[in-house]
Amino acid sequence: MGARQILRTYQRYLGEHPLKTQGIITGFLLGLGDVAAQQLVEKRGFKGHDLARTARQTLFGVVYVGPIIITWYKVLDRVFKGTGKLVPLYKVVADQTLFAPFIITSFLAFVAAGNGKSLPEIKTQLKNEFFPVLLRGYMIFPAVQVINFYYLPINFRPILMNSVALFWNTYLSWRANNPPHRAIALEPKTIGP
């Protein structure tokens, strides 16, 4: 099966079963992002791989994130109608001011709860992690969403977002599972006194 056939099949399923298809794809990419975080960033090795963590991330994508994303795009298209030059920009602003904070909060809380954190610990982790993650997302997603909303019809938007999401999910999984006090240093260490 060639790339075009895969794309056509994906588009057909996305058109016929948007929530299921987006859920499955998003779950797969969240799980794959977690595998990449554990193996490439955290360097856990296969014996140290936390399969339950990967399963939780995958499940979260299938039942929550995927369906919400496609529903959110449809809401944006209903709220911001028309083809004027500013309409896509309004969607980007709404996406980044409403949806981004919501989905980041949901993800961080879900991961913390899945890691056995208590409610006060989840609140503390959200307080410490929310803005750094949101600001990092703002370095990536406004530009991606400009392309998405200006140039792509609704059924193609998840393809672009899912392509970018693999890298974002790796970062997000690493960050959510390794708060700063436990995080692996990604910055070069200085040598000296």
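User: What share of the contacts between residues at least 6 apart in sequence joins residues at least 24 apart?
Analyst: In this predicted model, 69% of the contacts between residues at least 6 apart in sequence join residues at least 24 apart, where contact means heavy atoms within 4.5 Å.

User: What are the ground rules for the values?
Analyst: Because the model is predicted, local features need pLDDT of at least 70 and side-chain atom pairs count only at pLDDT 80 or more, while totals for chains, interfaces and linings use all residues. Residues are numbered from 1 along each chain as its sequence is written, and side-chain values use heavy atoms, with hydrogens and water left out.

User: Which residues touch the most other members of the largest nonpolar core?
Analyst: They are Tyr73, Ile104 and Phe107, in a core of 33 residues; a nonpolar core is a set of buried Ala, Val, Leu, Ile, Met, Phe, Trp, Tyr and Cys residues joined through side-chain atoms within 4.5 Å. Helix 4 gives the most to this core, with ten residues.

User: What does Ile104 contact, leaving aside neighbours within four places in sequence?
Analyst: With those neighbours set aside, Ile104 is in contact with Phe130, Val133 and Leu134.

User: Switching to Thr54, is that residue buried or exposed?
Analyst: Thr54, which lies in helix 3, is buried, with a relative accessible area of 11%. Not counting residues up to four places away in sequence, Thr54 touches Gly31, Asp34, Val35, Gln38 and His49.

User: And where does Lys43 lie?
Analyst: Lys43 lies in the loop between helix 2 (18–41) and helix 3 (51–79), and this residue is exposed, with a relative accessible area of 63%. Its phi is near 55°, a positive value in a residue other than glycine.

User: Last one, what box do the C-alpha atoms fill?
Analyst: Taken along the principal axes, the C-alpha atoms of the chain fill a box of roughly 60 × 40 × 35 Å.

Methods:
Helix = DSSP H or I, 4+ residues; strand = E, 2+ residues; numbered from the N terminus. Buried < 20%, exposed > 50% of the residue type's maximum accessible area, 1.4 Å probe, protein only.
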